[in-house]
Amino acid sequence: MALPEARLDLYDDGVESPTESMAGEMTVTSTARNTSDPSAPNFNTLDEPIKDTIMRDVKAVGIKFYHVLIPTEKKNSLLRDWDLWGPLVLCTFMATILQGSTDAMYDGGPEFAQVFVIVWIGSIIVTLNSKLLGGNISIFQSVCVLGYCLTPCALALIGCRLVLLATQSAFMFFLRLLIAGTGFGWATYASIIFLGDSQPPNRKALAVYPIFLFYFIISWLVVSHSNV
């Protein structure tokens, strides 16, 4: 005996066949691409000329140098839009100037690679100490700030280099010491301004001490540099 056939109709009334095509329009709204403000959510540089990209990055680096030279409470841009271009340039410049003489008799400074190791490993150690103390800042943001805050030390190195062109005496040594000390204090103060709020209030002293020691070592390399 044949069983009754069951059929489930999934189509609306008026549709003649399952193969009947559907027609319609789909409209996709597009927003204008932002190529000027990196902090905006729709920031896009795919259609941007290379020249504009380079000039925007150079301008961003210059703004960070300005914030370090004149440290204020407006520090969000330095922490938010971090980069390592400035620290790399400063580290390369200082390593080139501070490297020892090729003549072993007059060698009075470290090698190029040694300065690189001191700067980068030192900044990483300071950053790890900050994270272990409960800091709410990322590793790259901390390295960025510590690197950019080398600017006063680099300026002090230029000043000491100019002093070395004159006949050396005890007064000239103390002048170099004053210049290097000013750069040390400036760099330490700027880094504390930018990184201080990222630490718990009861642990700020523990976070500041490695920063103090880091810039002290860099400043000692600057003041002890004696090659012209």
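How much of the chain over residues 170-194 is helix, how much is strand, and how far apart are the end C-alpha atoms?

**View 1. The stretch at residues 170-194 in the predicted model.**

**View 2. The stretch at residues 145-164.** Here the chain is 85% helix and 0% strand, with 30 Å between the end C-alpha atoms.

View 3. Read from the N terminus on, the elements run α-α-α-α-α-α-α-α. Of the 228 residues of the chain, 36% count as buried, while the accessible surface comes to about 14,900 Å², 66% of which belongs to carbon and sulfur atoms. Among contacts between residues at least 6 apart in sequence, 70% join residues that are at least 24 apart.

**View 4. The largest nonpolar core, a set of 37 residues.** The residues with the most contacts inside this core are Met94, Cys149, Leu150, Tyr215, Ile218 and Val222. Among the elements that give two or more residues to the core are helix H1 (50-69), helix H3 (85-98), helix H7 (170-195) and helix H8 (204-224), and the largest share, seven residues, comes from H8.

**View 5. The surroundings of Cys149.** If its neighbours within four places in sequence are left aside, Cys149 is in contact with Val68, Ala187, Ala190, Ser191, Phe194 and Tyr215. Cys149 and Tyr215 are both listed with the residues that have the most contacts inside the largest nonpolar core.

Key:
Residues are numbered from 1 along each chain as its sequence is written. This is a predicted model: local features need pLDDT of at least 70, side-chain atom pairs count only at pLDDT 80 or more; totals for chains, interfaces and linings use all residues. Side-chain values use heavy atoms; hydrogens and water are left out. Helices (H or I, at least four residues) and strands (E, at least two) are DSSP runs, numbered from the N terminus. A nonpolar core is a set of buried Ala, Val, Leu, Ile, Met, Phe, Trp, Tyr and Cys residues joined through side-chain atoms within 4.5 Å. Buried means under 20% relative accessible area, exposed over 50%, partly exposed in between (1.4 Å probe, protein chains only). Contact means heavy atoms within 4.5 Å. Accessible areas come from the Shrake-Rupley method with a 1.4 Å probe; for residues, only the protein chains shown count as cover.
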